[in-house]
Amino acid sequence: MRAGILLMLAVIAAGSIHGQRSWRGKRQAEPPALAQAATPMRACDSTMVSGSGFEKTLRSSIESVFLTNHTDDTVRKVCLDIEYLDTNGRQLHRRNEHFSVEIPPKSTRRLEFRSFDRQNVFYYHLSSRPRTRSNATPFKVRLRVDSI
């Protein structure tokens, strides 16, 4: 009897070495490797990576932009500085965000991310004009790729 219990405990302990399980039985995500987490970012200008084609409609909770990699290396992470302005040029909001991306050399990829507009009352001035008569406010964007 004791041998059976010891054997079960040994099996359980061996299973916990290979990866922990959550209460639903799924494997929990392994922590990222230190080398990957410590990958340094470098300053960037528009000759390396540029952004274009920003879009955000009135009812959308998602914004998108096209990023073009002009370098000979694959870009895996970008830091965007996004400034939101009203039509008179006054700042509505500003944010600096890091995104994981995969942009091969000399290629363009679309990046989607959560909108700053949580109440869905703003729309990008070059997006389709809303058909509703609500108090929708157009905005402009200054987008800069800060680092890669």
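Residues are numbered from 1 along each chain as its sequence is written. Because the model is predicted, local features need pLDDT of at least 70 and side-chain atom pairs count only at pLDDT 80 or more, while totals for chains, interfaces and linings use all residues; side-chain values use heavy atoms, with hydrogens and water left out.

The secondary structure of the chain comes to two helices and seven strands. Here helices (H or I, at least four residues) and strands (E, at least two) are DSSP runs, numbered from the N terminus. Read along the sequence, these elements follow the pattern α-α-β-β-β-β-β-β-β. Of the 148 residues in the chain, 30% are buried; buried means under 20% relative accessible area, exposed means over 50%, and partly exposed lies in between (1.4 Å probe, protein chains only). The chain exposes about 10600 Å², and carbon and sulfur atoms supply 52% of that area. Accessible areas come from the Shrake-Rupley method with a 1.4 Å probe, and for residues only the protein chains shown count as cover. Among contacts (heavy atoms within 4.5 Å) between residues at least 6 apart in sequence, 59% join residues at least 24 apart.

The aromatic side chains come next. The structure holds nine aromatic pairs. Rings of Phe, Tyr and Trp (its six-membered ring) pair if their centres lie within 6.5 Å; planes under 30 degrees apart count as stacked, over 60 as edge-to-face and the rest as tilted. One example joins phenylalanine 54 and phenylalanine 139: their ring centres are 6.3 Å apart and their planes stand at 80°, so the pair is edge-to-face. Since phenylalanine 54 lies in strand β1 (residues 49–55) and phenylalanine 139 in strand β7, this pair ties together parts that are 85 residues apart in sequence. Phenylalanine 54 counts as buried at 10% relative accessibility, and phenylalanine 139 is buried too, at 0%. Both belong to one aromatic cluster formed by Phe54, Tyr84, Phe116, Phe122, Tyr124 and Phe139.

The structure holds 11 salt bridges, a salt bridge being a side-chain nitrogen of Lys or Arg within 4 Å of a carboxyl oxygen of Asp or Glu. In one of them, glutamate 55 joins arginine 110, with the closest N and O atoms 3.8 Å apart. Glutamate 55 lies in strand β1 and arginine 110 in strand β5 (residues 108–114), so the pair ties together parts that are 55 residues apart in sequence. Glutamate 55 is partly exposed, at 37%, and arginine 110 is partly exposed as well, at 46%.

Another salt bridge joins aspartate 81 and arginine 94, whose closest N and O atoms are 2.6 Å apart. Aspartate 81 sits in strand β3 (residues 75–85) and arginine 94 in strand β4 (residues 91–103), so parts 13 residues apart in sequence are tied together. Aspartate 81 is buried at 8% relative accessibility, whereas arginine 94 is partly exposed at 44%. Glutamate 97 and arginine 95 form a salt bridge too, with the closest N and O atoms 3.9 Å apart. Salt bridges that share partners join Asp81, Arg94, Arg144 and Asp146 into one network.

Finally, serine 147 is found in strand β7 (residues 137–147). This serine is buried, with a relative accessible area of 11%. Leaving aside neighbours within four places in sequence, serine 147 is in contact with Met41, Arg42, Ala43, Cys44, Lys77, Val78 and Cys79.
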